[in-house]
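Let's take a walk through this structure together, from the way its chains meet down to single side chains. Have the sequence and the 3D view open as you read.

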Amino acid sequence: MITLKDVSYRYHSGTEALAHVNISVPEGIHLLLGENGAGKTTLLHIIAGLLFPTEGTCEVDGEKTRHRNPSVLSKVFLLADNFTFPQPTVRMFAKYHSVFYPNFDESLFYENLNAFGLSGNEPFKALSLGNKRKSLLAYSLALGTEVLLLDEPVNGLDLNSKQILRRMIAGSMTDSRTIIVSTHTVSDLETLFDGVIMLRRSEMILAASTSDIQKKLTFKKSTVPPVDAIFYTQAAGAFHSIVPADADNESDVDFVLLYFAMQGQQSKNVLNLINNQEP
Amino acid sequence: MTCMTNTDNFSFARVMAYGNIYSPWIKRQLVFTPLISLAVVMINIMLGFYSFGLPFIGLVSFIPAFMVYFGALVFAVGTDPAIETMLPVKWSEKALFVTVYALVVIPLCVNLPQLIVEVVVRPAGGELFDSNIYINTRNMTFGSFNTCLSYVQQLVPASVCLATIMSLTSKRIVMPVVWTIVSLVALSIFGAICGILGVFKYGIGKIETLAESQSANPTVFINALMSEMQPYMMILMGVCVIAIAVFVWLTCRSIKTRQL
């Protein structure tokens, strides 16, 4: 469990990257959404222990990440957008790096590589962006850390690889694992998410589980303007709307629509429904 | 794969495993550094047999010195500060490894082959290794203050290089090189000031007289001059030790408090 208590982060210039974030992230796969500069990467870096909060505390299983003790760092891994290492191949990197992570599964690592069509012996610097990403995803998912933070994991991946990644992430889940995925391309991994965290201008505007959202909201697509919609958009001739939940018509969560709803004037209504309304 | 302990107690096994993160560069450095150092000594000895050799001896001697000064660059080549920071290794373990490696291991790899040649090979080789131009260091007292000072002086730019690498999250090769050169210049200026003060204190006339009387044996002259300069060399030694301590402290602080 990741717990952030009143976490704020301010740069030396005074710019606030995160403001008073209070959240407990339970086990499961969570989507982290927000506009550019909302504080997503800052949040991930604080959880990974790369940044110290200016105020507040961030804990993983009750241990503060800012202390950077081996016992807590061995439970967390952040796969950032850019990642370099001195070894020529990802297998050699794994040989020296994985010794610090007690739950690393070597056979799963090779399985993941194989699924992506890689051997791990390719010279890493010579790989394309997509193949570099695949190598590192194969490794990260095999590390077996209780907390895995993925920053834009599908960047550079082809359609087939995105499908493989979906299966891998789903397959790597355990009862004690938390995966937070920060991505702008929600649709690639949409079916996986157990929860969503939304940031807007350094503040957290929503943190809810998918099941809670489904109990309170229904996401509809129609050809006519919706009557009882709390929020709707029109795209390609169809109306995408959010209405109060209908017990008979539970729908999948449209995270993109929910994100746009939370950016607009109807965000309070949406939030009230999620937090207060009984089905 | 053998897994490291993830307890929060200090672990020497983790210190060594941390060093492996920098493979293969660190292993290559440990192999090539003593070999290059040995090659430089042998080249210097050969150059000593030729009248044109002296300036080249000076130039070639820069190589082992630079290997010490820039030894810490191995921690910047191809590495990601984020991976280093996220590693489940205590900051004290990281600091111990990088400091001992850059300020003890690499200087040993550079200086030990040279010492072995001077102490073992040259005496054994006799006239084969003697030359008119290459200063016969066999007659200098090893372990003397000035020899220690030359080793300690090497560590000042080496510690600057290390501290700069550990404090930066970008430009981790260019900026350490720049700051190391700055520290070398500063050290040279300080050393020159100490030398000038010593010369004026001793008296230029006396030095000329000493030089004339010892002209047949330059080694004795140098030793005599150095012993007169001792107080200023002590000041230089003190400044070097303090500088090294400060930069080691900065290295530890950078590792402990690094944010990305």
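Buried area here is the accessible area (1.4 Å probe) that two parts lose on being put together, summed over both. The size of an interface is often given in just this way, as accessible area lost when the parts come together. What you see is a predicted model, in which local features need pLDDT of at least 70 and side-chain atom pairs count only at pLDDT 80 or more, while totals for chains, interfaces and linings use all residues. Residues are numbered from 1 along each chain as its sequence is written, chains are lettered from A and ligands numbered from 1 in the order in which they are written, and side-chain values use heavy atoms, with hydrogens and water left out.

Let's begin where the chains meet. Chain B and chain A bury about 2,900 Å² between them, and 63% of that area is on carbon and sulfur atoms. Counting a contact as heavy atoms within 4.5 Å, chain B brings 35 residues and chain A brings 34 residues. How many residue pairs are in polar contact between chain B and chain A? There are 13, with both residues at pLDDT 80 or more; a polar contact is a pair of N or O atoms within 3.5 Å, where within protein one must be able to donate a hydrogen and the other to accept it, and residues adjacent in sequence count only if both atoms are side-chain atoms. On the side of chain B that touches chain A, α1 (12–20), α2 (25–47), α5 (81–86) and α11 (230–257) of chain B each supply at least two residues. Helices (H or I, at least four residues) and strands (E, at least two) are DSSP runs, numbered from the N terminus. That side of chain B divides into 18 nonpolar, 10 polar and 7 charged residues, with Ala, Val, Leu, Ile, Met, Phe, Trp, Tyr, Cys and Pro counted as nonpolar, Asp, Glu, Lys and Arg as charged, and the others, Gly among them, as polar. The interface has 0 salt bridges, a salt bridge being a side-chain nitrogen of Lys or Arg within 4 Å of a carboxyl oxygen of Asp or Glu.

Now turn to chain A by itself. Its secondary structure comes to 9 helices and 13 strands. The radius of gyration of chain A, taken over C-alpha atoms, is 20 Å, close to the 19 Å that the globule rule gives for 279 residues, so chain A is as compact as a globular protein of that length; the globule rule is 2.2 Å times the number of residues to the power 0.38. Of the 279 residues, 54% count as buried, where buried means under 20% relative accessible area, exposed over 50%, and partly exposed in between (1.4 Å probe, protein chains only).

Over all chains, the count comes to 9 salt bridges. In one of them, the side chains of A:Asp61 and A:Lys75 meet at 3.8 Å, N to O. A:Asp61 lies in the loop between β4 (55–60) and β5 (63–64) and A:Lys75 in the loop between α2 (70–73) and β6 (76–79) of chain A, so the pair ties together parts that are 14 residues apart in sequence. A:Asp61 is partly exposed at 36% relative accessibility, whereas A:Lys75 is buried at 19%. A:Asp61 also has a positive phi of about 50 degrees, although it is not a glycine.

Back in chain B, look for B:Arg172, which is buried with a relative accessible area of 7%. Its side chain forms a salt bridge with that of B:Glu84 (3.3 Å, N to O). B:Arg172 sits in the loop between α7 and α8 and B:Glu84 in helix α5 of chain B, so this pair ties together parts that are 88 residues apart in sequence. The side chain of B:Arg172 also makes a polar contact with the side chain of B:Thr79 (3.3 Å), and one of its polar atoms lies 3.3 Å from the backbone oxygen of B:Ile165.

Finish at the start of α1(B), where B:Ser11 caps the N-terminal end: a side-chain oxygen lies 3.4 Å from the backbone nitrogen of B:Ala13. In the loop between α1 and α2 of chain B you will find B:Pro24, and the peptide bond from B:Ser23 to B:Pro24 is cis, with omega near 0 degrees.
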